[in-house]
Every structure is written in C-alpha cells, then in structure tokens.
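Visitor: I'm new to this one. Can you put it on screen and walk me through it?

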Amino acid sequence: MFEKVAQKLKEPLMPKCTINGKEIEVKDGTTIMEAFYQKEVPIAHYCYHPGLSIAGVCRLCMVEIEGMPRTQIACNTKITEGMKISNVSDKAKDSVKWALDFHLINHPLDCPICDQAGECGLQEQYMHFGKYEPEMGQGKVKKRKVVDLGERVVLDTERCILCSRCVRFTDEVSKTNELGIFNRGDRSEVGTFQDKPLNNNYSVNTVDICPVGALTAKDFRFKQRVWLLKNRESICTGCSTGCNVNVYFNKGGVYRLKPKYNSDVNGHWMCDKGRDTYKHLNVEARLTKGKKTEEGKTTECDAGELAKQTAQLIEKIKKEGGGDSIGLIVTAQYSNEEYAAMFELFKIKLGSNNVFYWINNQKTFEAFDGLLYRGDKNPNTKGLLRALSKCKFDQTWDKLEEKIKAKQLKIVVVLGPENQEVYPDISEKLKLLNSVDNVVWLTTNQVLGTELLKSCWQIPVKSTIEKSGTYINFKGLEQKIKPVTNIVSGALTLTEAAALFAGDEIPFDSKTPVKGERVWNEFFHHRGDL
Amino acid sequence: MEVKHLTEHYDKDGYATIKGYQKLGGYENLKKALKMKPLDIINEVKASGLRGRGGAGFPTGVKWGFLPNNGEPRYLLCNADEGEPGTYKDRLMMERAPHQLIEGMIISAFAIGSPKSYIYIRGEYFYPKSIVEKALREAYDNGLLGKNILGSGFNHDMDIYSGAGAYICGEETGMISSLEGKKGQPKLKPPFPAIQGYLGKPTIVNNVETLAAVTLVIRDGAAAFRKQGTEKSPGTKLFSLSGNVVKPGNYEVPLGYKLIDLINIEGGGLKPGRKLKAVIPGGSSAKILNKEESEKATLDYECLAQMDTMLGSGAVIVIDDTNCMVDLLGVLMHFYHHESCGQCTPCREGTGWLEKLVNGIKSGQGKLQDIDLIETVARNMCGRTICALSDAAAFPAMSFVLKFRDEFEFFVREGRSKIKGTSYAKMHH
Amino acid sequence: MFKLSNKGTEFVKNELSRYESRRSAILPCLTLAQEENGGYINAEIISYLAHLMDIPESQIQEVFMFYTMYNKKPVGKFHVQVCCNISCAMNGGRELVQHLTKEFRVNDGEVTSDGNFSFSRVECLGACGGAPMMQVNEEYHENLTPEKAVHVLKNMAKGNSHGS
C-alpha cells in the first residue's frame, strides 16, 4: 500500500479543469492561457505571447472562473484542480467587449492604408465581440506616425495599443534594449531613444508580433493585401540553422517570409537576413530559360532541352576521356535527395571521382550570434557531407585547381549556390573555370560573368520553395519540406537534371498542386466560429 | 477630542533629534522588542488588530504572516510616497518624529527577519527627507542601526530613496518598480510582494503611520492598543482634514470617531455663512458622502465600507455649498488621467475618456447621455486592471454623478454651473 | 558638451553600488544631472548618463519621461509649482496660478524673459492643510494669498534667500 502512495507522490500533479464545459487535464503550473493554447480553444488576447514573459496589460483575455466574483485574466492565472473556466459566458464576454472598447477609443481608423488589415488583432476581436456603434464622441489622442526605425521597420505610434510585446522582445530575446514605452497614461508612446534605428538582426520579429499595424515592415509596406496571399511552410536557406518559415505568396510571387514555430530549431523567431532570402526566388530575378554562351554569343532554349544536350555532351566526353574527365562542383545548398541522385549519376553511371566541394566560408563556419544566425550560410552542409562521405568524395576546390591546371577535366558541372550573395568568390572562381572547355552551371539565377567564359551553359533549377526535399541543419536535424508554389515551372530540380544527364526521361508528376491555405496567424487561429 | 497616542510629543522641541526623542522614552520600545521573539512580535501585532494606515486597511500582522518561513532575506519597505489628494499626515510624522518611524521600522524588521529596509519618500518632500536623513545618521551613530543593534545580534541597514513625481508609486508594487530603478508601474499580483517583491525577494510594504504605530503596540501591548477605536478598527489614527474647514490640519482621534465631530470640533466647522454639502472621507479615491451621510458616518473601516465608501488614507476633504460638483469632479478626473501609468488599457484609456466627458460638460457642450456614459465607463473600469488606480478614478466619477446628478443635469441643460459665483464654471482645466 | 562635475561623477559611481540593483541609481542620477544642468534634462544628458552608467539609453529615457519632476525643457531660476488638486482648488489654487502668470507676464510652462520664474500647475503636494500653496524649487510656501505669493517670489528674485 505504501508503494502505491509513494508512487502517486512521485507522479507529477495533473490538475483537471473545465474550459467552456469541456474537461481537460494539464500539467501543474499551467496558466489558463497556456491551456487554451494547448487545446486550441480560441481566446482573445494581445499582450500574451508564448515566447515572451507575461505582461497582463491588455486585459482582453478575461475569463469567468466559477466561484470568483470578478473576471480574471487568463494569462497570469494558474489552473487549480476543479477550476471551471469560461470565456464565452455573458460576464466574460462583457469584460472582453469593454476591454476592446477601451482599445478602440483612441485608435486611428487607418484600416484602408494599414498593412495589418486582414491580420489585425483589433479587427479580429471587433468582428467577434463588437460590431457596435462607438460611444466616444470626443477627439482622439494624436501621436506620431510614420517614424522611421531603421532599414526594415516603420513605427506608427498612434496605432500602437501598448501591449509591450515589442519592448519585451528587444529586452528578452534580442537583448538589444532599443525599444521602450515613454511617457505616462494615454500619452504613452512606444519608440526608441531619439528614434535610433532598430538595426539588430531580429528587428522584423517585432513586426510579426505586433498585433496591429504599429510596427510594419518596410519591405512589405503597401505591397500586397494579406487576404490576397496564401501561405505554406518551408525552411529558410540563409544559414545552417534552418529556421522554419511560412512563405506568403500568390501568382505574383513571394511577398514575405515569416517564422513558423519549431521548438527544436528556431522557437518563435527568425533573423532579418533570412527574410531576404525570398528576393532572389521571384521570377524577376530568375533564370527562366536555359542559356548557352559560346565564344561570347548567347542563345536560349528550354531547360529540359539544354539538359538533354548536356547529356549528349557528357556521353561524348566520357567516351573520349573516361569518367574522370568529367567534374562536378557542389555547394551545400541542395537537398539530400538531389545529392543522392547527382552523386549516383557521377559515381556509378559516369564512373567519375572528381566531385569537388565548394566551401564558401570556412573561416566563419562556427560563428554564432547567440540566437539563430550562424556563420555557415548553407542550409544543408551536414547533408552534403554525409552524401560526400558515403561516396568517399573528399576533394575540395584546391584539388580542382590542380586538375584544371593539369587539363584533366573536359567538362565541369557546377551545382551553383541558390543564394549567390553568400558566395562572394564566384567571380574569382569563374576566372579559374575559364580554362575548362565546357562549363555547365545549374542555377536559379543568372550568374554574372559566365558570358565571359569560353563555353557556359546555364540550366535553370527549381528553388527550395518549388520542390520537396530533406535538409539537415547544423545540429543534424533532418527537416523535410514540400513545394510551396511554382515560380519558374520550366526549371528542373537537380534530381530531374541528373535523370536527364543520364539520358533518362523525367517521371511525370500527375498530382495536381495542392491549394494553399488562407493567411494564418495566431489571431486567425483563435478566431473561433468565424 | 483628540487622543494623542502617536502624536503625543510632536510639538515638543527637539523631538525630531535623537536626544529629544530618547529623553521622552524613545527607543525604549525597541529595547523591549529586541528581547522578544520575532514570532511573538508578529503575534502581538496580529492580536492588536492594527490595520494598514496608508489606504487599504489590511491587517498588518496578517500581512507579515504571509512571508515564507524559509530564512530567505526579505525587505521591509516604508511607503512614504503620500500622494493621495488630501493626505499630508505622513509628512507631519516625518518632520516631527522621524525617530518614531525609524524605531517602528527596526522593530518590524526584527519581527519579520529583514536585514535591509528602505524608506521610499516622494520626491517633492525635500524638507521631510532632510529631517529623516539626519535622523538616520543619528541612529547609525548611536548603534541603533547597522551591525549588532544594541548588542542584540540583530543587524539591520536602512536607507532612504526619493521618488520623482508619480502618484502611482504609492501603490505598493508601483513603489517596488520605482525602487528597482524603473517606471513606477505596478506589477501583476499574484505573485504577491510577500512572496516575490523587490527584486523578486519577499517584501513587506507598510505605510509610515502603520510602522510608527508598531511602537505603540510594543509599548502598550495588544490589549491596551485595542482599548481605543472599535473592535474591527482598533487604535487611533491621524486624519488629514482639509477643504472648506476653518482649522485644517492633522488630528489624531480614535477610530470610530464621528466624522461630523472631526469637522466641527477639531476642524472648527465651516466658514460663516456656508453649509456642508459633501465630504470625501478617505482621500480623493474614496466615494463621496452627501450631507446626510456625512452627519451619520463614523470614522472606522466598517461603517464607511457599509456606506459604500472607504476610510482610505484618512484624508477628510470637506466641501461646502459654494463649490460646483461638476468642477470638482473635473479636477479629480484630470488628476487620475495625469497619473495613470498607462500600462493597462481600461485605466489608460478610461481615465482620459472620463476627463474628456466631464470637461465636455464643464465647457457647456455636454449632452444628457454623457452623464450616464460617465457612470457606465467608470463602472467598466472597476475590477479589471492590474492595480486599483482605475477603481480610484472610477469611484469619484460614479459617486459624484449618483449623488449630485442634479448639478450635472443643470450644467448640461443650462450650459453653466448650478452654483453661482464659481469662477471655474465654464473653464477647461 | 555636457559633462558632470567631478563630484557629480563620484556621486554616480557611489549610487551605482549603493542599491541592490545598479538600475536603481537611474532616478537619483537623473536628479543630480538635472541640478548640474541648471534645472532640466535633454537628450545629450541621457546619452551621457547611459554611457557613464553602462545602462541602455531606452531604460534611462523611460524613467526620464515617466516622472514629472524631471524637467523636459528649461525652467526658471525659481521654478514655481502651484497645486491645483481638489483641496487647493477649493481654496483658490487655480486662481493663484492664474494671478501669478498674469503678474509675471509669462505663460504656463514658459520662462520669464529675465530667466527668473517659470510656473506650472501640479497635482497634490501633500500640503492640503495650507491651501493654497506653492512649491518653489525645493521649498513649500503655504497659506498663500495671491499678493503674498507675489511678494515672496519678488523677494526671492531680489536675492533674499527665504523670501518672506
């Protein structure tokens, strides 16, 4: 009998409570807000954020607890055994309605010109709890608008509802302490000291967490209405952390990236540099057709067609000089499946051991800013290393230089970096490749300088958001991604290119693309019946 | 009749110096306390029924009992912010008897096991601060502070910290935030200060008068302390009388004393030719009493709570019939609007809205529905915020509109004050 | 270029270690900086203190903007604060400040042309028994009439230290 008691004492307490009539069990110490989040029950709130400390200032998350005369805030109330909680009772709804009313009395009606429309916390709750005539007939408090806070963020202090999320972010997450709330009462204003810019590498996260249009991203400002965007998940390819992202797109292309929560990788955040990685993926920046440059003259043709021509060229060179006259330069920017396909082609089909690993920043590989951004600017270094070691390919650019000088290689296929910005040595490397008779460059964007080579064939490849694949981040975590959208439909994945190089046909994907979902954000998620 | 227990020697020369204080029995209570067990002191204070004299009236001994029993160092903070309009008793105590406060604090610190205490004094009290600083130096020089106080083995350090002009720093967690070097914004409760207060450590916050009164509990014992006052509100209290009385000032009377006696006897009544109209019994945050209620009220926690107001800080503001209630409400609403810290939405926006509504009426542009709207907005500001400033702003709004509605309606209808001769009848503040 | 005196710098150093948290030194150091700068604080001083105390500017700025005793613009040699809260309002506090600004020919919140006086309306100063009253720099002057107040101030300007 005592063993049973002892065992029971060792078990963690799991208090049971009732939320809107449904009984649930939670870990001891869970707040009501956390329980709502866990069970995905909608609850109105602004200042609470699971990645930040509790502020309890918006007073919107009011719930009625049986036995308590006043409604309580959910974010700071811990659940006790037998608690009966409701946020849909009349009393709770009345508290929320008034809290919302107080938020709106000085809020400027900027919706027609505000980026946040469509994903705005005030709009959400107004549709749910309000839709009433405003009772405040007096003039609203006027504050500063369009305050430039640096390269990426614009502040509108009038729209600000003073939830303090952004201030807590710069205190607790980026630890840069730029933001504060100055002054008192309804004269309070969010801002930086003397409008100093928010130039830390995580500034745009404040835009994500701002429930209203007080903080907006310069990059997205006035570009697109959010209800005309769809979003799907992918990963950021900016560095080896592999933050999970939501890609917002429509037929016009990608408009922005936002972090997606992943407790193992990036938590709730992503860095600003990662947000730029969509820019080189939109169709304006892309190579849409195969480009053949020979002796300064350029012709175009389909990607597939060019790949087939490459296949013929490779076969010819193999017959003449054997597999080792064919070289492959590889960057750590592609998926495991693509490496497997390419390496199988080279090692087995072509019998070539000349696979060279193009390392772009060995010196800063181990760099880490303490939060998310790493010195290795490639999304799949670990995946590439694994694939290389499997095939026992261990040559780097130095060996390549040797072999080129010795005129051993007649054709070099380059799996060029998707993110050319982080490979500042491209033009230098091109000079070396000038001594090779044939260069085939697989790339998403035009590579400048290739027109000066003796012969360069550029084949457009699909970007990370147009394909599925597995990427391994710095920690060794495998992350699978699915296609987000099509930008250049004629481009090839490396797997397809490898198949074509081998002389095979690409299997036809008969599945119709899945429709993207509507804009997702925490407020939408907690919208309830709407 | 005043019953001068605390203020017995306040008018004696030199009482503010240590020599003057000791000559009249000063620090004897500390000697007595240091011979007691800390838990016994707490129990004695509990038994005395001493209630917080700053405004909330929470039983002091019970508050001390909330501290955890884990030997962790805890802080004692003396709330000398005294910002509640109408209140000026703590200022008197610090100017005339700083050593009484210090003695009370050392006894309390000993009882709760605190090695360090702070007196948080409002920034504008330059003169009282200088008096207290001098007294602190004297205490240190005479072995009453620092290591091994009076050979008891008890170490205690006391320091004084100035505010910089914010009413909200009178709220206990607002004060703690200010002492931590931040804006004086109140903290969420729970956790309560006794568990997690100043810098996350267990903290007790007590008013100046409460801590000084601890010396009386030790000197006379709980039973004798209870001889004054009522059963639920024992002891004497200082009341700050102001407004339209002939003799405003601080008066120490037993709790339960009749409000009208304080006004007419101690206060010397109203100026000739004037009639009593209303009384705010406990600082501007207490709901107002009309003439009939004022004549019935007694100055203790229960009676006033039953009359839907509160004893609060004990600041009795007497209003005669030459005042316009709309005007006075405007003054108060401006105050709360100015002082709201701005953290939580109902208070931040509501205080502004209330001032705008009252000013609208004062300017002659008000509508009849504005009067009901004042009541509605105020009611919905209550009980939904981090601290009680929102309620403090709402209480005057609700009670003025309820009890003096005729004046508000007159102003709306006629575009001017019902009270003739009020110079501020039609002014924006 | 603002710089604290040697004594001031010493004070800052001591304050930083006087309290359990370095941040607590912000309030007293702002008060000191205001004194040394002739009565008000500007952005340069905030930056200076942030650098000297190794505390983020935003934290000092928050404190500076929150509390009313830190002056955001220049004040007169004698900064006069008249309480206009309820007990003082009932006893002529508002009329007093109106009279004073008229007498000294200056608007609320501005400095007289000779630099001597500035007037502002403030909330309860804890002197309700002596209404109406005013605070001039660090001193309270209670039980005033408009004439008495003018007399006190004019004496101060002449150089009589306690002005009565």
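Visitor: How many bridges join strand β8 of chain B to β11(B), and do they run parallel or antiparallel?

Guide: Strand β8 (residues 276–280) of chain B is joined to β11(B) by 4 bridges, and the two run antiparallel. Strands here are DSSP runs of E with at least two residues, helices are runs of H or I with at least four, and both are numbered from the N terminus. Two strands pair if DSSP finds at least two bridges between them. Before going on: this is a predicted model, where local features need pLDDT of at least 70 and side-chain atom pairs count only at pLDDT 80 or more, while totals for chains, interfaces and linings use all residues. Residues are numbered from 1 along each chain as its sequence is written, and chains are lettered from A and ligands numbered from 1 in the order written.

Visitor: Which residue is the bridge partner of Val279(B) in β11(B)?

Guide: Val318(B).

Visitor: What sheet are those strands in?

Guide: An open sheet of 5 strands in chain B, in the order β6-β5-β11-β8-β9, with mixed pairing. The edge strands are β6 and β9 (289–290) of chain B, each pairing on one side only.

Visitor: Switching to chain A. How many helices and strands does it have?

Guide: Chain A has 14 helices and 23 strands. Its C-alpha atoms fill a box of roughly 90 × 70 × 45 Å along the principal axes. Of its 530 residues, 47% are buried. Buried means 20 or more other C-beta atoms within 10 Å of the residue's own; exposed means 12 or fewer, and partly exposed lies in between, with C-beta atoms placed from the backbone.

Visitor: Which domains does chain A get?

Guide: The assignment gives domain 1 (10–104), domain 2 (108–223) and domain 3 (284–501). Those bounds come from an automatic or database domain assignment. The centres of domain 2 and domain 3 of chain A are 44 Å apart, taken over C-alpha atoms.

Visitor: Along β1 of chain A, which side chains are buried?

Guide: Cys17(A) and Ile19(A) point to one face of β1 (residues 16–19) and are buried.

Visitor: What does β1(A) form with β2(A)?

Guide: A hairpin, with 2 residues between the strands. Asn20(A) in the turn has a positive phi of about 50°. β1(A) and β2 (residues 22–25) of chain A pair antiparallel over 4 bridges, with Lys16(A) opposite Glu25(A). β1(A) also pairs with β5 (residues 84–86) of chain A, in the parallel sense over 2 bridges. There, Ile19(A) has Ile85(A) as its bridge partner.

Visitor: And β15 of chain A: how many of its 5 residues are buried?

Guide: The count is 0, so to speak of cover, β15 (residues 297–301) of chain A has hardly any. β15(A) pairs antiparallel with β14 (residues 290–294) of chain A over 5 bridges. Lys291(A) stands opposite Glu300(A). The two strands form a hairpin with 2 residues between them, and Glu295(A) in the turn has a positive phi of about 50°.

Visitor: How many residues does the contact take from chain B and from chain A?

Guide: 24 from chain B and 23 from chain A. On the chain B side, α14(B) gives the most, with 10 residues. The classes there are 7 nonpolar, 13 polar and 4 charged.

Visitor: Last one. How many of the 8 residues of α5 of chain B are buried?

Guide: 6 of them, so helix α5 (residues 89–96) of chain B is mostly covered. Among the buried ones are Leu92(B), Met93(B) and Met94(B). The cover includes α7, β5 and β6 of chain B.

Note on methods. Contact = placed C-beta atoms within 7 Å. Nonpolar A, V, L, I, M, F, W, Y, C, P; charged D, E, K, R; others polar.
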